[in-house]
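Take a look at the model below.

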Amino acid sequence: MLGLKLLTDPRWANIAESNLHEILTDHAWCEQKAASNAIMLITQNPEYEDLVHELTAIAIEEMQHFQMVIDIIKERGYSLGRERKDDYVGRLLKFAKKDGSRNQAFIDRLLFAAMIEARSCERFRVLSKNIKDEALATFYHDLMVSEANHYTTFLNFARKYSVDVDVDKRWQEWLTFEGELIQSYGTKEYIHG
């Protein structure tokens, strides 16, 4: 369904589970950044009423996920660490087109968001299927479903509001780029690491 070119090696879940404090902290900040991205899209595109409505709901949901992860961190006796630089997201952002029309930049920002949601969904699936901690496995399964919905929302808005972009062709370019990029990741206890 997601169209990802390279799936995560299930052994990555062992890396994540070996340092739950680190993966949970990274996950919390990923949720906060996802909420911020949705808010930025709303701020820059207020003329699209349905987008404003849907992305407001996504921003709220992402902050609820942030709170849920913080609660898990606290329940387990950890503390929320500092935000980490997400090299994977930074490299995706560099791939996004910024020098074309306003519509092209808007569509690429939606595809950027869809790409992150797709990979997060896939990583949450790996965690839900492979970690021994049953409570966290269930938690990640539920989040996987949520991320899949976000992924389709962003992709559908790109298709709906494209004026001068062949969205399906550009999405394939995103998938190809990400498939090459992700080969450098999967060795650290980061959601995208």
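Buried means under 20% relative accessible area, exposed over 50%, and partly exposed in between, with a 1.4 Å probe and protein chains only. His150 is buried, because its relative accessible area is 2%. This residue sits in helix H6 (residues 134-161); helices are DSSP runs of H or I, at least four residues, numbered from the N terminus. Beyond its neighbours within four places in sequence, His150 is in contact (heavy atoms within 4.5 Å) with Ile58, Glu61, Glu62, His65 and Glu117.

The model is predicted: local features need pLDDT of at least 70, side-chain atom pairs count only at pLDDT 80 or more, and totals for chains, interfaces and linings use all residues. Residues are numbered from 1 along each chain as its sequence is written, and side-chain values use heavy atoms, leaving out hydrogens and water.

Now the open space. On a 1 Å grid over the protein atoms alone, a pocket is an open set of points with protein on both sides within 12 Å along at least five of seven lines; lining residues have an atom within 4 Å of a point. Grid points are joined across faces, edges and corners, and a volume is the space filled by probe spheres set on the points. The largest pocket holds about 330 Å³. Its lining has 21 residues, with Cys30, Lys33, Ala34, Val89 and Ile116 nearest the centre. H2, helix H4 (87-95), helix H5 (102-130) and H6 each give two or more residues to this lining. H5 provides the largest share, 7 residues.

How values were computed:
1 Å grid on protein atoms, 1.4 Å probe; cavity = no way out; pocket = protein on both sides within 12 Å on 5 of 7 lines; lining within 4 Å.
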